[in-house]
Amino acid sequence: MNSKPMRTRDARVAPVRGKLEQRLADEARFFGAWLDSPKSMGAVSPSGRFLARAMARCVDPASDGLIVELGPGTGPVTEALAARGVAPERLVLVEYDGAFCKLLERRFPQAQVIRGDAYRLRDTLSAFGGRKISAVVSSLPLLTRPDADRIALLDDAFALMGPEGAFIQFTYGLVSPMPLKFNLRATQAYRGAVSNPVWLNLPPARVWRYTRADATATQVIAHLRPRHDKPAPFEAFRRKQVEPALALLRKIADGPRDGRR
Ligand SMILES: C[S@@+](CC[C@H](N)C(=O)[O-])C[C@H]1O[C@@H](n2cnc3c(N)ncnc32)[C@H](O)[C@@H]1O
């Protein structure tokens, strides 16, 4: 007699149905959060698994130190990071929305969930002072924030990670979501590399990976192409023409400094 337990059709279907139910519940949660706060959500549904995987592939699971995820939402990227081999104890999840934080705590009990503002990164991560951070993986809707806030976020992230870190960000846009081109200092300080569009995501998206220009250990990530942004033409014009002219005008307006006034 065959004593092997027979897997019934229901037993095979149940995990698939469970996944589908979870996916639909996440879609509903996400859409509800978007209705409440469209600007801070930036999307009407969670990232699909192909985009989440493309994000996770930018992280080296063998690196040591913490991996900080900004705006994990319902956790598709977190799941992809764990599937890539990042130990959940190394994950720090920074999320603004309280309901998502509770959900993340249930789904990833070994990860550290912080309810806080990613744009105040040093304060938000103050409890981890002194711990090494090797990558910051962000799904924040950056384009809803002014250029200066985005560059400040990149600066803060690298101040915490050190020169060998990596900042990973997806975007639905065609150009770098970090406006490096329009900030001369940032153009010189950082390098970006971009993936091909992830077509199997709604809407299709690209993944950017930023590193410091002076990093010594440059990791080549197969699915990314380096993009060396040059300063925008106006930036060069501003530096070469506008700034010297303004300096001259300021000098004239200040008048002679030899006490004749
Ligand atoms: C586009 S959703 C991405 C969610 C998820 N990572 C995904 O890919 O489906 C953006 C997420 O960032 C969160 N968020 C927005 N602004 C934030 C901030 N300043 N600090 C922390 N989280 C923020 C939102 O609550 C939301 O969960």
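**Close-up 1. Burial of strand 1 in the predicted model.** Strand 1 is mostly covered, with 5 of its 5 residues buried (20 or more other C-beta atoms within 10 Å of the residue's own, C-beta atoms being placed from the backbone). Strands are DSSP runs of E of at least two residues, and helices are runs of H or I of at least four, numbered from the N terminus. Leu 66, Val 68 and Leu 70 point one way, while Ile 67 and Glu 69 point the other way. In a regular strand, side chains alternate between the two faces of the sheet. This is a predicted model, in which local features need pLDDT of at least 70 and side-chain atom pairs count only at pLDDT 80 or more, while totals for chains, interfaces and linings use all residues. Residues are numbered from 1 along each chain as its sequence is written.

**Close-up 2. Strands beside strand 1.** Strand 1 runs parallel to strand 4 (residues 133-138), joined by 5 bridges; strands pair if DSSP finds at least two bridges between them. Leu 66 has Ile 133 of strand 4 as its bridge partner. Strand 2 (residues 91-95) is also parallel to strand 1, through 4 bridges, and its Leu 91 stands opposite Ile 67.

**Close-up 3. Asp 60 in a loop.** Asp 60 lies in the loop between helix 3 and strand 1 (66-70). The C-alpha atoms of Asp 60 and Ala 135 are separated by 8.7 Å, although the two residues are 75 residues apart along the chain.

Methods. A residue is buried if 20 or more other C-beta atoms lie within 10 Å of its own, exposed if 12 or fewer, and partly exposed in between; C-beta atoms are placed from the backbone.
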